[in-house]
Amino acid sequence: MKGTLEFGNIYTQTIEANWLEKKDTVLDILRIDLLHEVVSGNKWFKLQYYLQDARQRGYDTIATLGGAYSNHIIATAFASKYAGIKSIGVIRGERPRVLSRTLEQAMEAGMELDFVSRSIYSDKASIMQQLPGVYWVNEGGFGIRGAEGAAEILQYNPHAFKYTHIACAVGTGTMMAGLIIASTQKQQVIGISAMKGNLGLEQQVQSLLPVQEQVKNFHIFHDYHFGGYAKHPPELIHYMNQLWEQHRLPTDIVYTAKTFYAVEQMVTQSLIPPGSKILMIHSGGLQGNRSLPDKTLAF
Ligand SMILES: *Cc1c(COP(=O)(O)O)cnc(C)c1O
């Protein structure tokens, strides 16, 4: 495993395919997944200003919450380590006999893991009370500082303003809010929800935008969840293996494979108008594929 973050590894991959050519459409993928082998690109961007704030305010420990395969937990463990701050991860569910690779690596990076039952986990206020004196980061890095950090993602494509559409996966909506902030008035930001029927998301994204940004053009699609959050039916796995074979593009089961699929559908059905230039953010999350049985994926 690499010990450092390699911002120089981030590049833009152009996708070549018949379904794009037919619609005279450009699809480029901004590969922020290449930042680090296990630290998901988008989580790192979202965390940077929380860490800075914690340090400036004199905290020596940050704490956050997540599940056993959480991209956010592992990113927090590594980001804290690099920032020289202690970290605590409150993990949903009883401690398993065998830890997931995600949790094992988070521990190796120095994170203290606190397991709590699902019922306690849902009571965030009482969890926070039990760990006083630490700097709390919301689950998934949700919040305004997270959006400010995510706004820097587009700096890694020098022509980002030339695209007509910017497409990304949506969990909490924090990354999307950042992309909206960084986009121009003429661009449309398209979000693909990883959840089923999370219809409060539009409002949640708005809540992270400064007033002057709320006029910007964004749209969230709710029909590409493949059954729900983290659900991965055989069609999705097959699709992911195809993406790998055809484009050497690795994707994750929770967010980026579904986003790519949605973009393909929307281009093919002209829901994204022919002649468009799309920049899709590959937000990372590949480490989460380790929840699958060995050899499920070709990459
Ligand atoms: C967390 C995550 C997202 C969702 O980001 P939000 O800011 O919560 O909407 C998208 N892609 C990947 C790979 C993620 O890990």
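1. Three elements each supply at least two residues of the shell around the ligand: α2 (41-56), β7 (165-170) and α8 (174-182). The largest share, three residues, comes from α2. Helices (H or I, at least four residues) and strands (E, at least two) are DSSP runs numbered from the N terminus.

2. This is a predicted model, in which local features need pLDDT of at least 70 and side-chain atom pairs count only at pLDDT 80 or more, while totals for chains, interfaces and linings use all residues. Residues are numbered from 1 along each chain as its sequence is written, and side-chain values use heavy atoms, leaving out hydrogens and water.

3. In total, 16 residues surround the ligand, each with a heavy atom within 4 Å of it. The closest are Lys-43, Lys-46, Gly-171, Thr-172 and Ser-283.

4. Polar contacts are pairs of N or O atoms within 3.5 Å. A polar side-chain atom of Lys-46 lies 2.8 Å from a ligand oxygen atom, and a polar backbone atom of Gly-171 is 2.7 Å from an oxygen atom of the ligand. The protein covers 98% of the 380 Å² of accessible area that the ligand has on its own (Shrake-Rupley method, 1.4 Å probe).

5. Domain 1 (12-38 + 144-291) and domain 2 (42-141) both give residues to the shell, so the ligand lies between them; the domain bounds come from an automatic or database assignment.

Key: A polar contact is a pair of N or O atoms within 3.5 Å; within protein, one must be able to donate a hydrogen and the other to accept it, and residues adjacent in sequence count only if both atoms are side-chain atoms.
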